[in-house]
Structure formats: structure tokens, C-alpha cells
Amino acid sequence: MTRGEVRRLARLEGQQVGDPVQEQTSGQGATAWSKGHADRSTAWKVFGERPIYENYWVTVATADIQTPDGTRFDHHKVYLPPAAIVAMVDDWDRVFMMWRHRFVSDTWNWELPGGIVEDGEEPAEAAAREAVEETGYRPKGDLEHVVTFEPMIGTVTSPHHVYVVRGVDQIGEPTERNEAQRTAWVPMDEIPALIAAGKIKNSGTLVAVLHLLATRPRA
């Protein structure tokens, strides 16, 4: 699928708001809250859309929409390429992380390897490729897909595919020199303190490490 096709698909998906979640009430099954239903009465209606600016990295558009209360107005939409992120965990329950600078927000933080899914590339392939380029480590075996999420779902569409892999082989040095100031295998026990101190701010990284913490075997 080309980048243009991805964006066109994202535009179509943006016009199809997901089914509402049922509220769990007394007497319902334990999983009732997670079941969708066909009621689209509160879906935002999209009557049309036009691009304002578009290049390889970003598309900005304006959409003619109507909210459930009947109000109709133009709403900005931003399309960014899909991304893939991987948490590499070793035999000592440590996760590989990179200390790096993000110039847009002038932020330093610990992140996982990841990057844009290129045209014709599967997300898992992109995650494994980025790991090799940014770290010099190649994941062993298949990557476990954790979730695909939207980091700024109200205005921006940019599917982020999060993966976990346990076990890697070091096959060389990183070929991408602009991603990290330093790297480290960080013990999972230290992750909560890093989050509390504001040292992990990247959304994909937070999703991955919080998943790892939530699924750790309990003593």
C-alpha cells in the first residue's frame, strides 16, 4: 500500500467513528462493557474534506463536519505516516532504551527504537528494521503485536503499531547516528520511577513499557 493509499484509507476510516462502548450494569456479563453495538446516533458526520497542505511527511486538511447536537463547522485534520515501535527485552528483564532529544518540544527522554512504516512494508518489518538501524540488535523470532493506537485521536491520524520481543542478537553497531545520545538496557523495576520523573514522555514508549509492567508475572 502506497503512502497516498494509506492516507486515503485513513480519511475513510476517519469518517467511520467506532461503535460506542456499552456501559456495564447490574446483571450483565463480565465483558458487557467491551462489546460495541450498532447505535451511531452520536457519530460525527463528515460531509466533505479538502487538503490545505500535503507532502511526504504530513497532510493537513479541513473537514466539513456536524456534531451530534446539529452544529456544523470546519474541523482541521492532520494525517501523519504510520509508525512502528518495539520493546526489546533481554533475559534479565531489561528493556533497551535510547536517551534522545526531540527538537519540536525541546524534550530529552528515554525512548524505544521505532520509526515510520515505509511504503510496501509491514509494521512488524518496520519495527525490526528500525531496531537494527538504531541499535545494532536484531530481534530473535517473531515480534508480538501489543496494540495499534492513535496518539492524538481527536485531530491527528497516525497509527502507531507497538511490538514486544524477548531476546535479541547483536549484529553490529547502529547505522543511524542521529537517534540517540546514549543507550542502555534499563531494568523493568526502574521504569516506574523514570515515568514518575518525566523521563519517558514518548506515547509509543509509554504504551509499550506500561504493557510490560502490567503483564509481568506476579511474585
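Buried means under 20% relative accessible area, exposed over 50%, and partly exposed in between, with a 1.4 Å probe and protein chains only. Helices (H or I, at least four residues) and strands (E, at least two) are DSSP runs, numbered from the N terminus. The model is predicted, so local features need pLDDT of at least 70 and side-chain atom pairs count only at pLDDT 80 or more, while totals for chains, interfaces and linings use all residues. Residues are numbered from 1 along each chain as its sequence is written, and side-chain values use heavy atoms, with hydrogens and water left out.

**View A. The open sheet of four strands, in the order E1-E2-E3-E10, has mixed pairing.** Strands E1 (45-54) and E10 (156-157) stand at the edges with a single partner strand each, so one side of each has no neighbour in the sheet. Two strands pair if DSSP finds at least two bridges between them. E3 (residues 72-79) pairs with E10 in the parallel sense over two bridges, and Val78 stands opposite Val156.

**View B. Strands E5 (residues 94-102) and E6 pair in the antiparallel sense over five bridges.** Four of the five residues of E6 (residues 107-111) are buried. Arg100 stands opposite Asn109 in E6. Four residues lie between the strands of this hairpin, where Asp106 takes a positive phi near 50 degrees.

**View C. The buried residues of helix H4 are Gly204, Thr205, Ala208, Val209 and Leu212.** Seen down the axis of H4, these residues fall within an arc of 115 degrees (taken from the directions from the helix axis to the C-beta atoms), so they line one face of the helix. They pack against elements including E4 (83-89), E5, E6 and helix H3 (191-196), where contact means heavy atoms within 4.5 Å.
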